[in-house]
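Visitor: I would like to learn how to read a few features of a model. Could you take me through them step by step?

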Amino acid sequence: MMIVTLYLTPESQFSKKALVLSESRVNPYFIKMFLKDKEQPFSSILATRLSRRGFVKGLGIAAGAGLTVGCATLTSKEQAAFKFKEVPHGLDEFVTLPPGYDYQVVMRWGDPLFSEAAAFEPLAQTGEKQLKQFGFNNDYIGFLPLSNEQRQSTHGLLVVNHEHTKAKLMHPGATNDCDLTLEQTKVDIAAHGVSVLEVRKDAETWQVVKNSRFNRRITPETPMRMTGPAAGSKRLISKSSENGVDSRGTCANCAGGITPWGTVLTAEENVDQFFTGDIEQLAEKRNYQRMIFSGEPEKSWSRHFERWDLNKNPNEGNHMGWIVEIDPFDPNSVPKKRTALGRFKHEACNLFINRDGRVVAYMGDDEKFEYVYRFVSKRRFRNQSDSESATFNANLLEEGTLSAAKFDDAGRLTWLPLVFGEDGLGPENDFHSQADVVIEARRAADIVGATPMDRPEDIEVNPVSHKVYVMLTKNKSRKTDQLDGANPRALNRGGQIVELTAPGGDHTADIFEWDMLLLCGDPNTCVTNYHSETTPNGWLSCPDNCTFDNQGNLWAATDGAEDFGVADGLWAIQTEGEKRGYARRFLRVPIGAELCGPYFTPDNKTLFCAVQHPGGDGSFDKPDTRWPDFDVTLPPRPAVIAIYKKDGGVIGS
Ligand code: FEO
Ligand code: CA
Ligand code: CA
């Protein structure tokens with residue numbers, strides 16, 4: 001591998017230097033990423049699990065085997081070229097797709113999840129209604145097949161995060177988020193969290209099954225449980241948790257991931273915004289300040305509920321900032337906060353089953369100059385479908401080794417373990433247990449010398465090549481004396497995509513190689529490295545969420561293109577072969593929106609996407625758009641859409 005280190009200063013941003021990047025390669029469907037070999041376990045285990053629980057009849061090995069078809073690794077030469085016509089840059093009120101494609105809205109903010117739920121009435125919204133309706137600002141989407149082989153791409157559970165809210169888009173007359181009435185605040189809280197919904201495609205249309213036993217709203221008030229090294233820590237004892245084990249709710253749910261045992265991981269990201277208090281006076285001052293808790297009111301929650309006032313409930317802030325595991329197939333299950341995976345501003349969490357059976361999780365901490373993390377489970381995934389193995393696998397994220405990434409300029413990545421008592425993580429630095437290490441994972445990573453990155457967002461494993469792709473969205477604060485190989489541009493507006501390669505395919509190895517896949521941004525104003533055939537519409541900026549198609553192409557969603565005067569959207573990117581670094585625009589979102597949660601069904605014929613904060617700079621009273629309803633009585637509404645090819649074909653083909 002060859003890495004050319006070229007630090008890009010603001011002065012050089014207008015000189016289009018060609019970067020010489022190494023040859024590398026690539027990627028398909030999420031289940032395949034878990035497969036060690038062609039025997040593969042995941043789908044059969046999930047199917048059997050469902051069958052065991054009596055939710056679905058007639059599933060078994062056959063369904064599992066069906067999912068394994070085509071999982072042989074593609075070579076770089078086989079990575080298919082994109083056949084869709086590129087969508088031009090632009091900025092308007094619509095979702096724009098290539099000719100031959102269309103979309104339908106599956107769920108919008110306020111849509112009922114249950115038969116008995118109230119219809120959406122924006123002028124008469126209440127907290128009680130919102131608890132049974134789809135939440136605001138949809139982000140992560142996971143699709144878990146629920147049916148047999150024939151319907152695995154047309155019947156399943158959608159699990160959708162609701163990352164945050166914006167009062168001025170939700171309530172008439174509202175001007176900010178920290179001045180809401182009690183009822184508005186109840187709406188605000190209930191609009192956060194996660195939605196689980198059963199969906200099925202009949203004829204051409206996806207329908208939500210409103211009387212499904214699986215449908216569920218998980219909110220900042222839902223009972224949860226701490227597991228792993230921080231469970232029971234005195235630093236978690238609060239008014240809502242007398243034992244430091246019981247916990248309440250999840251919030252700031254950004255992206256996530258799906259596990260091979262059929263659960264969903266949701267990532268708590270910007271958790272600082274909900275808490276108020278005089279941080280300077282708190283015993284947790286250093287911890288909260290490292291998590292950028294200002295204590296200033298950004299939301300109304302602490303005005304009406306003292307749980308969110310750190311002066312009255314000083315440890316409550318330690319209950320947020322985790323990866324939470326949800327079993328969507330059991331609507332009565334208690335979600336588990338997996339403290340072994342560390343506490344920081346989690347963007348997402350994507351798993352890979354290593355060839356020795358250990359579970360590897362890749363995670364980013366989305367704040368400028370924060371870190372990339374990896375977790376390796378202590379125990380090994382059991383490739384059997386009996387109930388004992390299912391129970392065993394369900395606890396794999398309780399124990400393991402968390403590490404932070406150090407990138408050097410020669411293309412080497414070193415995983416630095418965050419283990420109590422090692423490398424300065426002991427009493428000399430005020431760590432007294434592994435609980436302290438995971439609660440203050442950022443400070444631990446500072447001490448071991450991890451590399452501060454340009455805002456790590458989604459990190460996903462390519463299920464064809466098993467390489468790992470890190471979306472670094474941007475960092476306008478990086479200065480010329482803070483550059484390094486993996487973060488080579490000052491005042492970075494465009495972001496970059498970094499590729500990690502595990503040696504010999506061993507994702508538990510201490511040392512990886514890394515390479516720069518793409519320096520993003522408008523090539524007219526930034527130094528970029530797109531493939532030369534990328535058109536003037538093919539550049540993207542601020543990569544955020546991503547996914548892969550069955551051919552091994554990376555699909556990157558963006559959040560920040562309006563800084564460059566164009567709408568955000570979705571781009572297909574080749575990661576291997578002659579056209580490595582070639583990007584083609586597939587989708588444009590409406591003005592003010594970012595695109596989140598891209599997720600293909602197993603057959604790649606439906607692509608679910610989350611359109612987040614459409615019309616985000618306007619207000620309920622003066623909207624910039626009324627997408628998706630274009631009804632003068634309705635505000636713009638965040639929504640999950642299902643994209644399809646009109647001829648019924650594979651997306652991108
Ligand atoms: Fe919630 Fe980092 O995007
Ligand atoms: Ca994101
Ligand atoms: Ca974002």
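Visitor: Is Asp-559 buried or partly exposed?

Guide: Bear in mind that this is a predicted model. Burial is read from relative accessible area, with buried meaning under 20% and exposed over 50%. Asp-559 has a value of 24%, so it is partly exposed. Glu-594, at 5%, is buried.

Visitor: Where in the chain do Asp-559 and Glu-594 sit?

Guide: Asp-559 is in the loop between β25 (554-558) and β26 (569-573), while Glu-594 is in strand β28 (residues 594-600). The two are 35 residues apart, and the pair links distant parts of the chain.

Visitor: What does Asp-544 bridge?

Guide: Asp-544 bridges the calcium ion (ligand 3) and the calcium ion (ligand 2). The two ions lie 3.3 Å apart.

Visitor: Let us turn to the rings. How many aromatic pairs are there?

Guide: Two rings pair if their centres lie within 6.5 Å. By this rule the count is 28 aromatic pairs. One of them joins Phe-82 and Phe-84, with 5.9 Å centre to centre and 35° between the planes.

Visitor: What is the geometry of that Phe-82 and Phe-84 pair called?

Guide: Planes under 30 degrees apart count as stacked, over 60 as edge-to-face and the rest as tilted. The Phe-82 and Phe-84 pair is therefore tilted. Phe-82 is buried at 7% relative accessible area, and Phe-84 is buried at 2%.

Another pair, Trp-301 and Trp-308, is edge-to-face, with 75° between the planes and 4.8 Å centre to centre. Trp-301 is buried, with a relative accessible area of 0%, and Trp-308 is also buried, at 0%.

Visitor: Which residues form one aromatic cluster with Phe-82 and Phe-84?

Guide: Tyr-101, Trp-555, Tyr-582, Phe-586 and Phe-600 form one aromatic cluster with them.

Visitor: And which charged residue lies over the face of Tyr-582?

Guide: To read this feature, look for the end of a Lys or Arg side chain within 6 Å of a ring centre and within 35 degrees of the ring normal. Lys-579 lies over the face of Tyr-582, at 4.4 Å from the ring centre. Likewise, Arg-584 lies over the face of Phe-84, at 5.4 Å from the ring centre.

Conventions
Residues numbered from 1 in each chain as written. Chains lettered and ligands numbered in written order. Predicted model: local features only at pLDDT ≥ 70, side-chain atom pairs only at ≥ 80, totals over all residues. Heavy atoms only, no water. Donors = N, O, S within 2.8 Å, 3.2 Å for Na, K, Ca; no water. Helix = DSSP H or I, 4+ residues; strand = E, 2+ residues; numbered from the N terminus. Buried < 20%, exposed > 50% of the residue type's maximum accessible area, 1.4 Å probe, protein only. Phe/Tyr/Trp six-rings, centres within 6.5 Å; stacked < 30°, edge-to-face > 60°.
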